[in-house]
Amino acid sequence: MIEQLPLTIEETRESLRAKKFSCRELVDAYLDRIEKIDSTLNSFITIEKENARDHADACDEHIARAGYPEDKPLFGIPFAVKDAICTEGIRSTASAKILDNYIPPFDATVIAKLKSAGGIILGKNNCDAFGHGASNENSQYGPVLNPWNTKMVAGGSSGGSAAAVSANFCAFSIAEDTGGSIRQPAAFCGLAGLRPSYGRNSRYGIMPMASSLDTVGPLARTVQDVALLMEVMAGKDKLDGTTVEDEVPAYSTHISKLSKKLRVGLPQEYFTGELEEEIKNIIEKAIEDIKNLGVQVSEVSLPHTKFAVPVYYIIVPAEDSSNLGRMDGIRYGVRAQTDNLFDTYAESRAQGFPTEVKRRIMIGTFSLSSGYYDAYYAHAQKVRTLIRQDFDKVFETVDLLLTPTTPAPAFPLGSKTQDPIAMYLADVFVSPAALAGLPALSVSAGFTKVGLPVGLQIIGPRLNELEVLQLGYAYEQINKWFLKQPSL
Amino acid sequence: MEFNSALIEKIKRLSRLATDAEESTALKKQLSDILHFVEQLQSVDTHGVAPTHQVTGLSNVWREDEIRACPTDIQQKIVAQFPEREGNLLATPAIFGDTNEDS
């Protein structure tokens with residue numbers, strides 16, 4: 001029996017190594033907890049009970065025979081995967097009914113890497129359908145509730161991943177971040193979540209949303225765990241031509257070596273307007289903590305910040321509408337029965353997509369259509385350049401940027417579902433770094449008076465995940481907010 | 001720019017999406033609101049600014065065009081995903097003679 005589930009990957013490894021519990025006991029403890037509590041949170045769509053137990057038994061046999069394999073950093077560690085990521089032999093719906101019965105014949109590259117590092121898949125996490133949303137309310141499998149307060153959303157689009165890790169249903173979850181889908185739910189659920197630089201991790205097998213922005217990364221309890229997972233996942237993949245050759249640093253080994261000369265910028269555009277007073281105070285306290293580490297902090301400006309969400313909501317729906325063309329009910333997924341081909345497409349898509357997916361496809365189709373392309377899509381791509389240039393300029397004078405991850409904590413279920421633009425603006429602080437292809441981490445910065453988690457965002461220059469993680473780790477060690485657990 | 005009924009119908013057709021009357025009415029307002037929201041970008045001067053298509057700086061990433069055999073078990077898994085089939089063949093509604101198609 002496991003009395004206290006471990007909180008971090010390192011702690012889990014130590015316990016398995018010391019035979020405090022077996023892999024099977026660990027898997028059973030997580031599955032029990034999911035069974036008892038997840039009917040409230042709805043963080044899983046598919047649970048792989050039998051396969052996870054078989055896999056755990058095989059790990060235990062290996063440990064009994066040959067000891068704990070030190071060359072496999074995730075050996076026997078149970079994890080979950082956002083349902084918009086393909087997993088071989090495990091149903092992968094992307095939280096949309098059009099893929100209700102879809103079983104991929106292959107693993108996404110990052111999943112294959114995590115499996116070969118010894119990880120055990122427990123199941124697939126609920127999300128906004130195809131990653132479209134900031135609250136997990138656009139899932140056709142129901143919304144995900146926040147473990148810290150079940151009247152609140154868990155965030156999105158990777159709300160199921162965040163809720164599952166926060167509720168201690170698994171050691172970590174792998175998710176994707178197109179415009180904030182890892183960082184915003186990490187902030188809402190009190191976790192560490194990294195959007196890597198675009199091109200750092202392979203997108204092969206990630207159901208594509210906006211191909212020029214999509215990234216895949218980890219949601220975990222600590223920055224240390226995030227670093228370890230990045231080490232396993234990152235690198236060039238010949239199956240994704242946008243991955244870069246750049247060497248992958250040993251993030252977890254170097255994580256505690258924070259540079260004494262680090263210069264950090266506070267973009268003033270993130271500290272005005274929509275930022276709630278209580279969040280501002282918590283983030284200012286975090287900044288004081290970081291100053292006390294000996295880091296130089298100065299104000300900087302990213303003047304095009306306010307245009308990031310409108311740019312995002314032209315470029316992303318355009319790329320979305322193109323990528324989702326493959327969801328037609330013809331070769332896989334659920335096909336509506338009609339008497340002609342056009343209606344087969346139109347009805348399969350009508351039934352298989354929630355409303356937000358339809359809105360995005362229609363906006364995207366519009367902005368790419370003849371007569372509107374230059375005024376909308378091409379113009380937005382130029383404003384995207386200005387947003388990137390803002391970042392290029394500030395990174396000439398500072399090494400990293402610190403911002404709140406979100407302007408407000410988790411919001412009540414249903415409070416933004418009738419107003420798409422209010423929902424879009426929940427991503428106001430997470431979409432700029434995404435448009436620029438930069439690495440950005442959300443790390444827990446404490447709690448509001450009513451006990452909702454607050455996230456601190458650390459943004460770095462392209463491919464400098466290492467310094468982002470180093471600062472996140474140094475900050476995490478000060479307050480150790482990750483030790484606090486939701487009462488469920 | 002407003003999403004009027006004619007534009008909704010045109011975009012629905014291009015998007016291969018069916019919506020009922022109630023959903024179309026809601027979409028008309030929501031899509032118009034979204035367009036108004038993104039139109040704030042019209043105030044940004046982009047004269048002489050190059051568009052961003054991608055952020056990696058990579059270009060022309062080549063690989064050999066190799067023929068790789070698909071293992072039989074993978075073939076079977078793919079065929080098993082077909083919504084309708086005859087043997088190992090994918091069945092679809094008839095492609096020709098569809099009167100609802102765009103010109």
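Predicted model: local features only at pLDDT ≥ 70, side-chain atom pairs only at ≥ 80, totals over all residues.
**A mixed sheet, a helix pair and a chain interface**

Strand E2 (residues 78-82) and strand E3 (residues 120-125) of chain A pair in the parallel sense over 5 bridges. Within this pairing, A:Lys82 stands opposite A:Asn125 in E3(A).

In chain A, 11 strands form an open sheet with mixed pairing, in the order E1-E3-E2-E6-E8-E7-E12-E13-E11-E9-E10. Strand E1 (44-47) and strand E10 (296-300) of chain A each have a single partner strand and stand at the edges, so one side of each is left without a neighbour in the sheet. On average, neighbouring strands of this sheet are turned by 30° against each other, direction ignored.

Strand E11 (residues 400-404) of chain A shows both kinds of pairing. With strand E9 (residues 263-267) of chain A, E11(A) runs parallel, and 2 bridges join the two; here A:Val264 stands opposite A:Leu400 in E11(A). With strand E13 (residues 453-459) of chain A, E11(A) pairs in the antiparallel sense over 4 bridges, and A:Leu402 stands opposite A:Ile458 in E13(A). E11(A) is also mostly covered, as 5 of its 5 residues are buried. From this strand, A:Leu400, A:Leu402 and A:Pro404 point one way, while A:Leu401 and A:Thr403 point the other way, and all are buried.

Turning to the helices of chain A, helix H10 (residues 308-323) and helix H13 (residues 374-394) pack at an angle of about 130°, with their axes 9 Å apart. That angle makes H10(A) oblique to H13(A). The crossing of H10(A) and H13(A) is left-handed. On the H10(A) side, the contact is made by A:Ala308, A:Val311, A:Ile314, A:Ile315 and A:Ala318, which meet A:Tyr376, A:Tyr377, A:Ala380, A:Gln381, A:Val383, A:Arg384 and A:Ile387 in H13(A). By class, the residues of this contact divide into 10 nonpolar, 1 polar and 1 charged.

Several loops of chain A hold backbone details worth a look. The peptide bond from A:Gly156 to A:Ser157 is cis, with omega near 5°. A:Ser157 lies in the loop between strand E5 (149-153) and helix H5 (159-166) of chain A. Elsewhere, A:Asn42 has a phi near 65°, a positive value in a residue other than glycine. This residue is found in the loop between helix H2 (23-41) and E1 of chain A. A:Asn42 has 19 other C-beta atoms within 10 Å and is therefore partly exposed. A:Phe130 likewise has a positive phi, of about 55°, although it is not a glycine. Its place is in the loop between E3 and strand E4 (145-146) of chain A. A:Phe130 counts as buried because it has 30 C-beta neighbours inside 10 Å.

The tour ends where the two chains meet. In this interface, 44 residues of chain B are in contact with 55 residues of chain A. Helix H1 (5-15), helix H2 (21-38) and helix H3 (72-80) of chain B each supply at least two residues of the side of chain B that touches chain A. H2(B) gives the most to that side, with 7 residues. By class, the side of chain B that touches chain A has 25 nonpolar, 12 polar and 7 charged residues.

Terms used:
Residues numbered from 1 in each chain as written. Chains lettered and ligands numbered in written order. Pairing = 2+ DSSP bridges. Axes fitted to C-alpha atoms, helices over the stretch in contact; angles between N-to-C directions. Contact = placed C-beta atoms within 7 Å. Nonpolar A, V, L, I, M, F, W, Y, C, P; charged D, E, K, R; others polar. Parallel < 35°, antiparallel > 145°, perpendicular 65-115°, else oblique. Left-handed = near helix turned anticlockwise from the far one by under 90°. Buried ≥ 20, exposed ≤ 12 C-beta atoms within 10 Å, placed from the backbone.
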